[in-house]
Amino acid sequence: MIFVLLPAYNEGKGIEALLSAIHAMVRSSVEPIRVVVVNDGSTDDTGPKVRSFAQRLDLKLISFEKNRGVADVFTEGFRYVCAESVDPEQ
């Protein structure tokens, strides 16, 4: 599994184009890809636009109610990726 971690804060104008490009990449990938978007308290339509891709991508959306900053975004995103990457057979 390949994870793509995307921090997002008020990215409503650009997130659809980015997720569309990732979707095209996923369709041609041999490896499964999960997109993890950490929405850092956006006040625009970032969250709904990300959720609109749920049927097209293996997608996890983590949303903060308030903006917490890039350090918390990556900490939470990496925490999720690490937890999902654990091989249950080890």
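A charge sits over a ring if NZ of Lys or CZ of Arg is within 6 Å of the ring centre and within 35 degrees of the ring normal. The model is predicted: local features need pLDDT of at least 70, side-chain atom pairs count only at pLDDT 80 or more, and totals for chains, interfaces and linings use all residues. Residues are numbered from 1 along each chain as its sequence is written, and side-chain values use heavy atoms, with hydrogens and water left out.

Select Arg56 and Phe53. The charged end of Arg56 sits over the Phe53 ring, 4.0 Å from its centre. Then take Arg68 and Phe64, where the charged end of Arg68 sits over the ring of Phe64, 3.7 Å from its centre.

Next, colour the sheet. Strands (E, at least two residues) and helices (H or I, at least four) are DSSP runs, numbered from the N terminus; two strands pair if DSSP finds at least two bridges between them. The open sheet has three strands in the order β1-β2-β3, with parallel pairing. Its edge strands, β1 (2–8) and β3 (58–64), each pair on one side only. Select β2 (residues 33–40): seven bridges join this strand to β1, and the two run parallel. Pro7 has Val38 in β2 as its bridge partner.

Finally, select Phe74 and Phe78. Rings of Phe, Tyr and Trp (its six-membered ring) pair if their centres lie within 6.5 Å; planes under 30 degrees apart count as stacked, over 60 as edge-to-face and the rest as tilted. The count comes to one aromatic pair. The rings of Phe74 and Phe78 have centres 5.8 Å apart and planes at 25°, so the pair is stacked. Both belong to helix α3 (residues 70–85), four residues apart, which puts about one helical turn between them.
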